[in-house]
Amino acid sequence: MKRFGILLLSLVAAAALFAASAPDGKRWWSYIEALANDQMQGRDTGSESYRKAAQYVAAQFERDGLAAAGVQGYFQPVKFDARKIVEAESSLELIRNGKPEVLKFGDDAFINIRVDPADSVEAPLVFAGYGLTVPEAKYDDLAGLDLKGKIIVTLGGSPNSIPGPLRAHYQTNAERRPFLERAGVAGTVTIQNPHTADVPWGRTALSRFQESMTPAEQQFQDTRNLKISITVNPDRADKWLAGSGHTFAELLALADKGQPLPRFPLTATLRAKAKAVRRQVESPNVIAAFPGSDPNLKNEYVVLSAHLDHVGVGEPINGDRIYNGAMDDASGVATLLDIAQTLRDSQIKTRRSLLFVVVCGEEKGLQGSRFFAAHPTVERSRMVADINTDMFLPLYPFHLATVHGLNESTLGDTVREVAKPLGVEIQDDPAPQRNVFIRSDQYNFIRAGIPALKIDSGFKKGSREEAIEKAWLTERYHAPSDDLNQPVDLQAAAEYNRLILALARAVADNPARPQWKSDSFFRRFAQ
Ligand SMILES: [Zn+2]
């Protein structure tokens with residue numbers, strides 16, 4: 001009885017102590033308010049408002065006693081080649097029997113400016129399934145087709161028979177490039193898959209006016225062999241397929257079942273004229289170090305990453321032009337700032353150092369993290385892990401976490417261990433077709449051989465939470481309504497931040513470095 005009393009007392013004391021020191025989510029939210037208010041103008045890479053946001057982040061790191069770890073203090077400037085489409089001086093036509101059919105930008109299709117377009121191109125069209133080559137799975141949509149000088153038309157997605165991470169990996173531009181180049185493909189036309197796209201066509205189409213950016217060095221020019229890239233409204237896909245004997249409904253039904261798609265020549269030729277305005281801009285990553293306490297291990301780093309940029313000011317939706325990016329990804333930067341403050345306030349020590357890497361250019365195709373991975377400000381071999389936080393969506397209580405990369409490295413085992421006492425269940429990606437694994441900055445660390453995870457709020461299939469997340473993506477993802485006026489579960493965010501800190505500490509304090517699993521496909525990059 002007495003012992004029980006003491007235990008109870010100490011539990012109460014511990015709880016009180018914990019309550020005093022544990023952030024409740026309000027502090028995390030205050031960082032989002034600072035980064036995602038309307039004055040921040042959506043933090044587009046290269047913009048003045050992004051620069052202000054970067055200075056704010058650096059100032060917080062400095063206040064919390066973190067060391068500058070960029071190349072100019074906390075900053076690592078990145079030079080970009082930027083371009084924007086001028087639709088008034090561009091055109092797309094499908095030519096059949098010498099007769100042109102003019103396509104309407106936005107309604108029918110648009111020129112995807114991620115590929116630097118040639119002034120003009122005219123080439124035959126071939127439907128090439130998903131346009132995917134996956135050597136490990138002996139899968140090749142390009143095999144046996146004569147594609148030299150032709151433009152391939154593809155449906156977004158991949159067949160189910162190939163494991164999730166593998167098909168995600170081979171859908172990146174960098175991985176597609178050698179196969180497209182070898183086949184002599186002149187351009188790509190991608191029909192958006194309406195059943196797997198995160199946002200409806202209308203919002204995809206509005207994104208075409210955003211400025212595209214690629215780091216200026218040659219090594220980053222993944223699509224230099226392509227003359228044009230076009231994205232097609234699925235509702236208008238049959239314009240492209242007309243006369244081929246196939247319909248979009250038929251192809252979509254196959255894709256829904258995750259089956260391979262037929263490949264066949266199309267009856268039309270594409271004639272495209274593209275006018276782009278080009279310029280050079282510079283924008284910084286922000287990098288800070290929390291020094292480790294172990295004389296040897298402190299020379300190694302556990303990276304915590306998040307992206308500071310969003311898509312800026314764009315086409316108005318419901319009268320609002322400012323794409324604030326509160327969840328995408330001010331929320332992840334706020335997690336890093338919150339952790340930095342907890343480290344200081346609670347006088348936490350870690351044996352390895354922690355490296356806070358806040359990047360630009362994520363929305364331009366993971367460009368800031370790619371630049372950092374190519375030009376790391378600490379030796380690459382000294383970075384033992386990356387824990388990335390991007391749009392983790394604390395929209396409901398945090399009892400379950402989805403861990404992207406869970407089964408690829410020992411980081412997955414570590415996150416299971418630290419999550420258990422926090423009462424958080426861990427699961428693998430329930431929606432691999434969204435390709436989240438390759439769609440945020442952790443991917444550039446993985447490609448540099450560094451074991452990495454991206455952790456999100458989790459939901460079970462068919463649950464209320466799944467419906468909440470789906471609605472959020474449909475309504476707010478890359479829309480001006482991802483702003484400060486949205487329901488967010490602060491307690492869930494606080495618990496998420498606690499998990500990330502616990503994971504970072506566990507990895508930093510473990511004498512053994514994280515290792516890729518022997519059967520992980522991604523292990524190859526570490527060898
Ligand atoms: Zn985004």
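**Figure 1. The area buried between domain 1 and domain 2.** About 3,100 Å² is buried between domain 1 and domain 2, and carbon and sulfur atoms give 53% of this area. Buried area here is the accessible area (1.4 Å probe) that two parts lose on being put together, summed over both. The model is predicted: local features need pLDDT of at least 70, side-chain atom pairs count only at pLDDT 80 or more, and totals for chains, interfaces and linings use all residues. Residues are numbered from 1 along each chain as its sequence is written, and side-chain values use heavy atoms, with hydrogens and water left out. Domain 1 comprises 24-82 + 279-526 and domain 2 comprises 87-274, with bounds from an automatic or database domain assignment. To the contact (heavy atoms within 4.5 Å), domain 1 gives 42 residues and domain 2 gives 32 residues.

**Figure 2. Salt bridges between the domains.** Five salt bridges are found across the interface of domain 1 and domain 2; the term denotes a side-chain nitrogen of Lys or Arg within 4 Å of a carboxyl oxygen of Asp or Glu. A salt bridge joins the side chains of R447 and E175, at 2.8 Å from N to O.

**Figure 3. The salt bridge of K364 and D44.** The side chains of K364 and D44 form a salt bridge of 3.1 Å, N to O. K364 lies in the loop between β18 (353-359) and α10, and D44 in the loop between α2 (26-36) and α3 (48-63), 320 residues apart. Helices (H or I, at least four residues) and strands (E, at least two) are DSSP runs, numbered from the N terminus. K364 is buried at 5% relative accessibility, and D44 is buried with a relative accessible area of 16%. Buried means under 20% relative accessible area, exposed over 50%, and partly exposed in between (1.4 Å probe, protein chains only).

Figure 4. D64 and R344 meet through their side chains in a salt bridge of 3.4 Å, N to O. D64 is in the loop between α3 and β1 (67-68), R344 is in helix α9, and the two are 280 residues apart. D64 counts as buried at 6% relative accessibility, whereas R344 is partly exposed at 35% relative accessible area. R344 also forms a salt bridge with D345, with the closest N and O atoms 3.2 Å apart. A network of salt bridges links R27, R63, D64, D338, R344 and D345.

**Figure 5. T342 in helix α9.** Of the 20 residues of helix α9 (residues 326-345), 18 are buried. T342 lies in this helix and is buried, with a relative accessible area of 10%. Not counting residues up to four places away in sequence, T342 touches P23, R27, Q347, I348 and L501.
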